[in-house]
Amino acid sequence: MAESSWLERPGLDKAAGEEFLREAFQVLLDEAVRKGTDVTEKVGETRRPPARWWGGTERGSLPDRGRIPFPPSPQVCDWKEPQELRELLDLELRSSGELPERLLERCRDVIRYSVKTCHPRFFNQLFSGLDHHALAGRLITETLNTSQYTYEIAPVFVLMEEVVLAKLRELVGWSSGDGIFCPGGSISNMYAMNVARFHHFPESRQKGSWALPRLALFTSRESHYSIQKGAAFLGIGTDNVHLVGTDERGKMIPEELEKEIQRVKAEGAKPFFVCATCGTTVLGAFDPLDGIADICQRHGLWFHVDAAWGGSALLSSKHRHLLTGIERADSVAWNPHKMLTVGLQCSAFLLRDTSGLLQRCHGAGATYLFQPDKFYDVTYDTGDKTLQCGRRVDCLKLWLLWKAAGTEGLARRVERAFAYTRYLAKEVKRRDGFQLVLEVAPAIKERMMRKGSMMVGYQPHGARVNFFRQIVTNPTVTKDDLDFFLDEIERLGQDL
Ligand SMILES: *Cc1c(COP(=O)(O)O)cnc(C)c1O
């Protein structure tokens with residue numbers, strides 16, 4: 001075809017695209033949302049999709065849908081070795097495109113061989129479960145495909161982010177402050193270090209490390225590894241991350257922090273930053289914030305709280321005492337995508353500062369985006385506070401969930417998570433022989449993956465041998481799933 005003729009037509013077939021999307025949504029709802037979260041789906045069972053999805057319209061939109069046997073699939077994962085999976089998926093990208101039927105098959109395969117992190121028997125990560133309202137927010141976000149940086153391109157989300165961050169700050173105990181949604185808790189922690197360094201040494205932004213003494217930062221032995229990564233990334237160096245001792249529960253010992261600060265100072269380094277953890281990654285410990293805040297205050301150090309995991313306990317009046325003293329922090333990292341089931345990613349970096357520190361630390365004033373002479377109030381152009389240029393909208397999924405559940409509903413989720421964890425601890429104590437089982441965790445993990453019946457992570461800790469790190473955040477989990485979890489570990493490990 002001559003160039004002049006195809007330039008006159010759109011490069012996309014909208015009608016066919018919409019039809020494909022409708023069918024892809026149907027696959028998504030059937031395979032990922034319904035089957036992916038249903039413990040009654042049996043391995044090898046084939047089922048016709050119910051008609052009630054998408055508002056009770058016709059059964060699917062594929063004409064012969066009812067005759068397509070759904071391939072048998074295990075529940076949580078369908079383990080394949082990489083070579084086999086590569087062949088099953090036919091990943092090769094070719095010169096010509098494929099028909100919609102084949103593409104829908106591919107969508108089905110992607111879902112089939114992916115891990116169902118939304119399944120009630122997926123306990124492998126600190127995030128799990130599927131909240132339908134949050135998912136709606138995620139789908140809308142994807143569809144509108146905008147960037148969070150200016151009011152001009154994201155008016156709704158600029159206002160929404162402000163409200164959600166203010167609400168999170170209010171739960172921390174601050175009536176004012178600043179913040180931003182970051183791509184994950186690791187990045188939120190790095191922001192904290194960078195802002196703290198800038199706060200202590202504003203010249204560092206321009207002159208870099210040449211202008212600075214040897215910096216030192218402090219965090220507990222049990223803290224998240226992103227603190228080390230952040231120190232490396234920011235040019236502080238992992239040698240200058242000082243790991244403070246913890247007690248038998250995994251909590252930082254404030255006296256040890258004090259000693260370490262004294263020691264490092266005597267060596268001529270310049271302490272500037274302390275990170276306390278609320279909800280450590282392995283043991284779920286909450287550092288004693290008040291004791292740590294006292295020390296930070298005495299030495300004039302930035303006090304950051306990594307509450308990526310435990311921050312959501314602030315929602316519950318019953319459990320928020322675990323974070324007493326958090327209001328004294330200079331900054332907080334909090335991942336609603338973990339305990340609140342918002343979906344990856346949703347990570348808030350919150351600051352007590354009201355002087356515009358974030359903007360001064362990161363702002364570059366790019367004149368093609370942040371023109372100061374716009375026709376509206378440019379204080380709504382919040383994007384220059386961040387390190388990113390384009391930034392995903394992460395507030396809508398949390399906002400919509402919050403609107404649906406209310407603060408009370410969110411608090412109930414947190415309380416359920418704590419209650420189930422208590423139940424599980426009690427059951428483990430009650431069942432004989434469970435300590436023994438733990439020593440064979442890697443073998444049990446292999447068997448559970450090959451069977452696909454559930455997923456849970458394991459690891460060693462200090463002098464302890466491998467154990468399973470069981471996490472319950474999925475609001476659809478019930479006592480039955482936890483009993484299944486324990487029974488299944490016994491079944492899988494019977495002959496070991
Ligand atoms: C999960 C977690 C992080 C890292 O958050 P990502 O969003 O995975 O980058 C940091 N700190 C703690 C305590 C965490 O639980």
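View 1. The largest pocket holds about 1600 Å³ of space, where a pocket is an open set of points on a 1 Å grid over the protein atoms alone at which a 1.4 Å probe fits, with protein on both sides within 12 Å along at least five of seven lines, and a volume is the space filled by probe spheres set on the points. It is lined by 42 residues, among which Val282, Leu283, Thr421, Ala425 and Gln470 are the closest to its centre; lining residues have an atom within 4 Å of a point. This is a predicted model, in which local features need pLDDT of at least 70 and side-chain atom pairs pLDDT 80 or more, while totals for linings use all residues. Residues are numbered from 1 along each chain as its sequence is written.

**View 2. Elements around the largest pocket.** Helix 15 (395-430), helix 16 (434-438), strand 10 (464-469) and helix 18 (479-493) each give two or more residues to the lining of the largest pocket, and helix 15 gives the most, with 8 residues; helices (H or I, at least four residues) and strands (E, at least two) are DSSP runs, numbered from the N terminus. Because domain 1 (19-119 + 431-496) and domain 2 (139-397) both give residues to this lining, the largest pocket lies between them.

**View 3. The second largest pocket.** The second largest pocket has a volume of about 780 Å³, and of its 29 lining residues the closest to its centre are Leu28, Ala32, Leu130, Leu135 and Arg138. Helix 2 (14-34) gives the most to this lining, with 7 residues, while helix 5 (100-113) and helix 6 (132-144) each supply at least two.

Definitions and conventions:
Heavy atoms only, no water. Domains from an automatic or database assignment.
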